[in-house]
Amino acid sequence: MNHHLLKMAAYWLRPIFWGSGLFMLLRGHNEPGGGFVGGLLVSLSYVMAYFRKEEKDVPPRILGQSSEFWLFMGLLIAWLSVIIGAVGGEAFMKGLWWGGLWLPIVGDTKIGTPFLFDTGVFFVVLGVVTRFFYLLEGDDSWSGC
């Protein structure tokens, strides 16, 4: 596919999708947003970047890693966030908070197990959506971690 307008839009929109995706992730548990929406936005940046590539036979990478790697890391982070309460003597899936962080655009962000879970969901969505898209495009040249 060689559409110059799509290539130009992908170049200029990628940082906007990344910024808005991270914004949604960081404000997620207190406001609308979260890991799912943030993961979809960042995935869209990689889907659009796929159309910019000239060489389609190079295995697609997300920050230097495969889609499967981010899927696995997301599942691991989400699983860890769920069992932290049980390991600490609390109820299973208990929301534990470790404090907060003030960020310039986002504002107050609470750090705890719900944020870890949102981060895991973010990585799972990023891995699943990009891998699904690459498979739909017929790019199955690389399927390992």
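So, at what angle do helix α1 and helix α2 pack, and how far apart are their axes? The angle is about 165°, with the axes 8 Å apart, for α1 at residues 4-27 and α2 at residues 35-52. Axes here are lines fitted to C-alpha atoms over the stretch in contact, and angles run from 0 to 180 degrees between N-to-C directions. That makes α1 roughly antiparallel to α2, a label for angles over 145 degrees. The contact residues of this pair divide into 17 nonpolar, 5 polar and 3 charged. Nonpolar is Ala, Val, Leu, Ile, Met, Phe, Trp, Tyr, Cys and Pro, charged is Asp, Glu, Lys and Arg, and polar is the others, Gly among them.

Quick caveats: this is a predicted model, where local features need pLDDT of at least 70 and side-chain atom pairs count only at pLDDT 80 or more, while totals for chains, interfaces and linings use all residues. Numbering starts from 1 along each chain as its sequence is written, and side-chain values use heavy atoms, with hydrogens and water left out.

Zooming out, the protein has 4 helices and 2 strands, in the order α-α-α-β-β-α. Those are DSSP runs: H or I of at least four residues for helices, E of at least two for strands. Of its 145 residues, 36% count as buried, meaning under 20% relative accessible area with a 1.4 Å probe, protein chains only.

Last stop, Met-93, in the loop between α3 (67-87) and β1 (97-103). Met-93 is exposed at 56% relative accessible area, the cut-off being over 50%. Its C-alpha lies 7.6 Å from that of Ser-81, 12 residues away in sequence.

Notes: Angles under 35 degrees count as roughly parallel, over 145 as roughly antiparallel, 65 to 115 as roughly perpendicular and the rest as oblique.
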